[in-house]
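Have the model open as you read.

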Amino acid sequence: MDIQATDNPAGGEDAVDPGLLSDDGTKHCLQVLSDAGLRPTRQRLALGKLLFLRGHRHVTAESLHDEAVAANAYLSLAKVYNTLNQFTEAGLLRRIAADGIKSFFDTDTSVHPHFYLEGEDVLVDVAGGLAFSKVPDALPGHEIARLDVIIHLRRKRM
Ligand SMILES: [Zn+2]
């Protein structure tokens, strides 16, 4: 179940502080947003810097919200959800539903298999890839669009 966030009723997302433009990370983020056709609002930039400057990442709205608070970017959880959804729609992120309740957002938008660590809320890539000996034919009139694999792990009992 996703939390449906509503847009700012005033319709006015904050303008970007021109002072931020001197920072290299900001410039990179502005380019990422611009290439994706997204207007660089304050919250998109703040979250984009957390997401797109640190290599390949898997985040949840909650974990990203915690990071934003730690970075003194005061955004509500609803705004974080909103922005993650906008980034996903713009093709910057891929949403991965690991356990039916919680969605992860992957900055690597290619199709690749994951381990999900149950009880720890962690999603990591499967190193070395994965091979299938038998993939079923698609139904008539259809083709396989992608094959998502999430291998659920739990701690062994000692
Ligand atoms: Zn991944």
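What follows goes from the overall layout to one helix pair, and then to the core around that pair.

Keep in mind that this is a predicted model. The chain has 4 helices and 6 strands, and along the sequence they come in the order α-α-β-α-α-β-β-β-β-β. Of its 158 residues, 22% count as buried. If you take the contacts with a separation of 6 or more, 49% are between residues 24 or more positions apart.

Now for the helix pair. Helix 2 (residues 42–52) and helix 3 (residues 61–70) have axes that come within 10 Å and cross at roughly 110 degrees. Angles of 65 to 115 degrees count as roughly perpendicular, so that is how helix 2 sits relative to helix 3. Here's who makes the contact:

| Helix | Residues in the contact |
|---|---|
| Helix 2 | Ala46, Leu47, Leu50 |
| Helix 3 | Leu64, Glu67, Ala68 |

Sorted by class, the contact comes out as 5 nonpolar residues, 1 charged and no polar ones.

Which of its residues are buried? They are Ala61, Leu64, His65 and Ala68. Looking down the axis of helix 3, you'd find these buried residues within an arc of 105 degrees, so they line one face of the helix. As for partners, the buried residues of helix 3 pack against helix 2, strand 1 (58–59) and helix 4.

Setting aside neighbours within four places in sequence, Ala68 is in contact with Ala46, Leu47, Leu50, Ala73, Leu75 and Val80.

On to the core. The largest nonpolar core has 23 residues, and the members touching the most other members are Leu47, Leu64, Ala68, Val80 and Leu84. Who supplies the core? At least two residues each come from helix 1 (24–35), helix 2, helix 3, helix 4 (77–89) and strand 3 (103–106). Helix 2 gives the most, with 5 residues.

Conventions: Residues numbered from 1 in each chain as written. Predicted model: local features only at pLDDT ≥ 70, side-chain atom pairs only at ≥ 80, totals over all residues. Axes fitted to C-alpha atoms, helices over the stretch in contact; angles between N-to-C directions. Parallel < 35°, antiparallel > 145°, perpendicular 65-115°, else oblique. Contact = placed C-beta atoms within 7 Å. Nonpolar A, V, L, I, M, F, W, Y, C, P; charged D, E, K, R; others polar. Core = buried A, V, L, I, M, F, W, Y, C linked by C-beta atoms within 7 Å. Buried ≥ 20, exposed ≤ 12 C-beta atoms within 10 Å, placed from the backbone. Arc of directions from axis to C-beta.
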